[in-house]
Amino acid sequence: MRYSANYDEIIKKAVTEAIKEFDVKRQEDAKTKIFHNTKLLLSNYNSLSKHYKNAVDNLDYIELDETDENSCESIESNDKLFILSIRRSKFRTMIMVSHIQAALKCLQADCIRKNQLNKYEVLERHYLQNVPYGEIAAEFYCSEITARRWKNEMVKDLGVYLFGVDAL
(Lines give C-alpha, C1' and ligand atoms only; values in the text may rest on other atoms or scores of the structure.)
Protein backbone atom coordinates (compact mmCIF):
# COMPACT_ATOMS: atom_id res chain seq x y z
CA MET A 1 0.00 0.00 0.00
CA ARG A 2 2.72 2.41 0.91
CA TYR A 3 4.42 2.05 -2.49
CA SER A 4 1.25 2.77 -4.44
CA ALA A 5 0.70 6.02 -2.51
CA ASN A 6 4.22 7.15 -3.48
CA TYR A 7 3.59 6.19 -7.11
CA ASP A 8 0.30 8.10 -7.09
CA GLU A 9 2.06 11.17 -5.73
CA ILE A 10 4.84 10.89 -8.31
CA ILE A 11 2.30 10.51 -11.11
CA LYS A 12 0.33 13.55 -9.89
CA LYS A 13 3.48 15.65 -9.78
CA ALA A 14 4.53 14.50 -13.25
CA VAL A 15 1.08 15.25 -14.69
CA THR A 16 0.97 18.67 -13.01
CA GLU A 17 4.43 19.51 -14.37
CA ALA A 18 3.48 18.31 -17.87
CA ILE A 19 0.36 20.48 -17.84
CA LYS A 20 2.40 23.51 -16.77
CA GLU A 21 4.90 22.92 -19.57
CA PHE A 22 2.08 22.48 -22.07
CA ASP A 23 0.49 25.79 -21.01
CA VAL A 24 3.81 27.65 -21.27
CA LYS A 25 4.42 26.20 -24.73
CA ARG A 26 0.91 27.12 -25.85
CA GLN A 27 1.38 30.72 -24.65
CA GLU A 28 4.74 30.97 -26.44
CA ASP A 29 3.17 29.62 -29.63
CA ALA A 30 0.36 32.18 -29.38
CA LYS A 31 2.85 35.04 -29.01
CA THR A 32 4.85 33.76 -31.98
CA LYS A 33 1.69 33.52 -34.05
CA ILE A 34 0.66 37.09 -33.19
CA PHE A 35 4.15 38.39 -34.04
CA HIS A 36 4.01 36.49 -37.34
CA ASN A 37 0.47 37.73 -38.13
CA THR A 38 1.42 41.34 -37.33
CA LYS A 39 4.41 41.11 -39.70
CA LEU A 40 2.18 39.52 -42.33
CA LEU A 41 -0.39 42.32 -42.08
CA LEU A 42 2.32 44.97 -42.31
CA SER A 43 4.03 43.23 -45.24
CA ASN A 44 0.75 43.19 -47.14
CA TYR A 45 -0.61 46.55 -45.94
CA ASN A 46 -0.06 48.38 -49.24
CA SER A 47 -1.59 45.55 -51.27
CA LEU A 48 -4.58 45.35 -48.92
CA SER A 49 -5.12 49.10 -49.27
CA LYS A 50 -5.05 48.81 -53.05
CA HIS A 51 -7.41 45.84 -52.97
CA TYR A 52 -10.25 47.56 -51.20
CA LYS A 53 -9.77 50.79 -53.18
CA ASN A 54 -9.73 49.00 -56.54
CA ALA A 55 -12.07 46.04 -56.02
CA VAL A 56 -14.92 46.13 -58.51
CA ASP A 57 -18.05 45.04 -56.67
CA ASN A 58 -20.79 46.65 -58.77
CA LEU A 59 -21.48 47.85 -62.30
CA ASP A 60 -20.84 51.53 -61.55
CA TYR A 61 -17.18 51.06 -62.45
CA ILE A 62 -17.77 49.34 -65.77
CA GLU A 63 -18.53 51.09 -69.04
CA LEU A 64 -21.26 49.17 -70.86
CA ASP A 65 -22.77 49.57 -74.30
CA GLU A 66 -26.49 49.03 -75.06
CA THR A 67 -26.23 45.25 -75.64
CA ASP A 68 -24.28 44.63 -72.41
CA GLU A 69 -26.89 46.47 -70.33
CA ASN A 70 -29.60 44.04 -71.46
CA SER A 71 -27.49 41.01 -70.55
CA CYS A 72 -26.74 42.46 -67.10
CA GLU A 73 -30.43 42.35 -66.20
CA SER A 74 -30.35 38.57 -66.26
CA ILE A 75 -27.40 37.99 -63.96
CA GLU A 76 -27.42 34.42 -62.71
CA SER A 77 -27.58 33.72 -58.99
CA ASN A 78 -24.00 32.35 -59.10
CA ASP A 79 -22.85 35.68 -60.48
CA LYS A 80 -24.67 37.51 -57.69
CA LEU A 81 -22.94 35.29 -55.13
CA PHE A 82 -19.59 36.03 -56.76
CA ILE A 83 -20.26 39.78 -56.64
CA LEU A 84 -21.37 39.51 -53.01
CA SER A 85 -18.17 37.61 -52.27
CA ILE A 86 -16.09 40.40 -53.80
CA ARG A 87 -18.07 42.99 -51.85
CA ARG A 88 -17.60 41.02 -48.61
CA SER A 89 -13.85 40.71 -49.22
CA LYS A 90 -13.62 44.42 -49.99
CA PHE A 91 -15.54 45.32 -46.83
CA ARG A 92 -13.50 43.01 -44.57
CA THR A 93 -10.26 44.32 -46.09
CA MET A 94 -11.41 47.92 -45.60
CA ILE A 95 -12.12 47.22 -41.92
CA MET A 96 -8.73 45.53 -41.43
CA VAL A 97 -6.84 48.36 -43.16
CA SER A 98 -8.68 50.90 -41.00
CA HIS A 99 -7.83 48.85 -37.90
CA ILE A 100 -4.16 48.73 -38.90
CA GLN A 101 -4.16 52.51 -39.51
CA ALA A 102 -5.69 53.15 -36.08
CA ALA A 103 -3.18 50.80 -34.42
CA LEU A 104 -0.29 52.53 -36.22
CA LYS A 105 -1.52 55.93 -35.01
CA CYS A 106 -1.67 54.65 -31.43
CA LEU A 107 1.83 53.17 -31.72
CA GLN A 108 3.14 56.40 -33.21
CA ALA A 109 1.60 58.46 -30.38
CA ASP A 110 3.08 56.06 -27.83
CA CYS A 111 6.53 56.39 -29.43
CA ILE A 112 6.26 60.19 -29.45
CA ARG A 113 5.32 60.12 -25.77
CA LYS A 114 8.35 57.89 -25.03
CA ASN A 115 10.63 60.00 -27.26
CA GLN A 116 11.25 56.95 -29.50
CA LEU A 117 9.75 58.16 -32.76
CA ASN A 118 12.80 56.93 -34.66
CA LYS A 119 11.82 53.32 -33.84
CA TYR A 120 8.34 53.88 -35.22
CA GLU A 121 9.75 55.54 -38.33
CA VAL A 122 11.96 52.50 -38.97
CA LEU A 123 8.84 50.33 -38.95
CA GLU A 124 7.01 52.72 -41.25
CA ARG A 125 9.92 53.09 -43.66
CA HIS A 126 10.48 49.33 -43.88
CA TYR A 127 6.90 48.07 -44.19
CA LEU A 128 4.87 50.96 -45.60
CA GLN A 129 7.50 52.55 -47.83
CA ASN A 130 9.47 49.38 -48.69
CA VAL A 131 12.84 50.96 -47.90
CA PRO A 132 15.70 48.42 -47.47
CA TYR A 133 17.45 48.12 -44.12
CA GLY A 134 20.71 49.51 -45.50
CA GLU A 135 19.07 52.81 -46.43
CA ILE A 136 17.14 52.93 -43.15
CA ALA A 137 20.33 52.36 -41.16
CA ALA A 138 22.09 55.18 -43.02
CA GLU A 139 19.13 57.51 -42.56
CA PHE A 140 18.95 56.89 -38.79
CA TYR A 141 22.73 56.66 -38.25
CA CYS A 142 22.55 53.14 -36.84
CA SER A 143 23.55 49.64 -37.88
CA GLU A 144 21.24 47.38 -39.89
CA ILE A 145 21.01 45.10 -36.87
CA THR A 146 19.76 48.01 -34.75
CA ALA A 147 17.22 48.95 -37.41
CA ARG A 148 15.96 45.35 -37.47
CA ARG A 149 15.82 45.23 -33.66
CA TRP A 150 13.81 48.48 -33.53
CA LYS A 151 11.47 47.17 -36.21
CA ASN A 152 10.92 43.94 -34.25
CA GLU A 153 10.24 45.92 -31.05
CA MET A 154 7.64 47.96 -32.90
CA VAL A 155 6.05 44.84 -34.43
CA LYS A 156 5.64 43.36 -30.92
CA ASP A 157 4.13 46.60 -29.61
CA LEU A 158 1.87 46.92 -32.64
CA GLY A 159 0.64 43.35 -32.06
CA VAL A 160 -0.90 44.52 -28.78
CA TYR A 161 -2.77 47.33 -30.56
CA LEU A 162 -3.95 44.94 -33.28
CA PHE A 163 -4.81 41.85 -31.22
CA GLY A 164 -5.34 43.21 -27.71
CA VAL A 165 -4.82 41.00 -24.70
CA ASP A 166 -4.12 37.96 -26.90
CA ALA A 167 -0.74 39.54 -27.73
CA LEU A 168 0.35 39.59 -24.08
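Author: Let me begin with a definition: helices (H or I, at least four residues) and strands (E, at least two) are DSSP runs, numbered from the N terminus. This is a predicted model, in which local features need pLDDT of at least 70 and side-chain atom pairs count only at pLDDT 80 or more, while totals for chains, interfaces and linings use all residues. Residues are numbered from 1 along each chain as its sequence is written, and side-chain values use heavy atoms, with hydrogens and water left out.

Reader: Where does I11 lie, then?

Author: I11 lies in helix α1, which covers residues 2-43. Together with Y7, I10, V15 and I19, I11 makes a nonpolar surface patch of about 520 Å². Patches are made of residues with over 30% relative accessible area and no salt bridge, where like charges are joined within 9 Å and nonpolar side chains (Val, Leu, Ile, Met, Phe, Trp, Tyr) within 5 Å; the accessible areas come from the Shrake-Rupley method with a 1.4 Å probe, and for residues only the protein chains shown count as cover.

Reader: How many salt bridges are there in the whole structure?

Author: A search of the whole structure finds 6 salt bridges, each being a side-chain nitrogen of Lys or Arg within 4 Å of a carboxyl oxygen of Asp or Glu. One of them joins the side chains of E9 and K13, at 3.6 Å from N to O, and these two residues both lie in helix α1, 4 residues apart, about one turn of the helix.

Reader: Is K13 buried or exposed?

Author: K13 is exposed, with a relative accessible area of 56%, whereas E9 is partly exposed at 44%. Buried means under 20% relative accessible area, exposed over 50%, and partly exposed in between, with a 1.4 Å probe and protein chains only.

Reader: What about R125 and E139, whose side chains meet in a salt bridge: what is the N to O distance?

Author: For R125 and E139 the N to O distance is 2.7 Å. R125 lies in helix α5 (residues 117-128) and E139 in helix α6 (residues 133-139), so the pair ties together parts that are 14 residues apart in sequence.

Reader: Which residues are linked in a network of salt bridges?

Author: The network of salt bridges links D110, R113 and K114.

Reader: Changing topic, which residues are buried in α7?

Author: The buried residues in α7 include T146, A147, W150, K151 and M154. E153 and R149, whose side chains meet in a salt bridge of 3.6 Å from N to O, are 4 residues apart in helix α7 (residues 144-163), so they are separated by about one helical turn.

Reader: And what is E144 in contact with, leaving aside its neighbours within four places in sequence?

Author: Leaving those neighbours aside, E144 is in contact (heavy atoms within 4.5 Å) with Y133, G134 and A137. The C-alpha atoms of E144 and Y133, which are 11 residues apart along the chain, are separated by 5.7 Å.
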